[in-house]
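Trainee: Could you take me through one part of this model in close detail, with the criteria behind each term spelled out as you go?

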Amino acid sequence: MTGVLVLAGTPIGDVADAPPRLLTELASADVIAAEDTRRLRRLTQALGVTPAGRVVSYFEGNEVGRTPELVEALLGGARVLLVTDAGMPSVSDPGYRLVAAAVAADVKVTAVPGPSAVLTALALSGLPVDRFTFEGFLPRKSGDRARQLASIAAEPRTMVFFEAPHRIAEALAAMAEAFGAERPAAVCRELTKTYEEVRRGPIGELAAWAAEGVKGEITVVVAGAPPAAPQELTPAELARLVAVREEAGERRKEAIAAVASELSMPKREVFDAVVAAKNAAARTLGGAAGEAS
């Protein structure tokens, strides 16, 4: 029988946030693949757990070469536990390559849910959470960063970013340039730790605050782009949109309601446009008939 790959979330700050199943997995896994074995040692000591299995490093510098070795262990029946320094593996951390390789080898992959800086910051931000997108770390070079931000300036969903403390000021300044200085945002620092701080406000103000220097692990949450202003369409254009839906099989009442919803305008306005277009067509036909006679 093949083994099981277990992705385990680890505390992002407070060790007390470790899920009970993490302790069980740490104590029983055949192999523990850790982003930093020293940090893993500190974690197990704090949790009072003694790993029984073999501990190996698995980080950005060696994951390409070590993945086949771990897959071989999985195919041999081992239970392999993957942990990173903080949060869930593969979310801007090592893990994706191993998960993809395990799936390709038809090995079962499961997870021990745990703390997540993305979801914690999102919940604390005070910004809309019904739809969001995770953007990870921005490019380090200013030109690449500006291009990436420009490509998502119209994104309507709330956006979550990771950023290093020594780059946060310039990153926020670039966001203010790309998104507008008044776009609401929140800078979440040292989440769940002793000096946890959440700063909320327009990006421009947050950039000015960060220019004085910021320390710690940082997650930035930015509001999505505001809805575009309703498109100004003539009555004839509105009537044509309804006609297209009718030709596709919708009843007129349903077509009018759908067009009004898409354009964020009153149904009565769309209905009046359809009636006006119908009357105009009738007058045109009447005039043509008179000329023919």
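Mentor: Arg167 lies in the loop between strand S7 (158–163) and helix H7, where helices (H or I, at least four residues) and strands (E, at least two) are DSSP runs numbered from the N terminus. This is a predicted model, in which local features need pLDDT of at least 70 and side-chain atom pairs count only at pLDDT 80 or more, while totals for chains, interfaces and linings use all residues. Residues are numbered from 1 along each chain as its sequence is written, and side-chain values use heavy atoms, with hydrogens and water left out.

Arg167 counts as buried because its relative accessibility is 11%, buried being under 20% relative accessible area, exposed over 50% and partly exposed in between (1.4 Å probe, protein chains only). The side chain of Arg167 makes a polar contact with that of Glu163 at 3.2 Å; such a contact is a pair of N or O atoms within 3.5 Å, and within protein one must be able to donate a hydrogen and the other to accept it, with residues adjacent in sequence counting only if both atoms are side-chain atoms. Leaving aside residues up to four places away in sequence, Arg167 touches Phe137 and Arg140, contact meaning heavy atoms within 4.5 Å.
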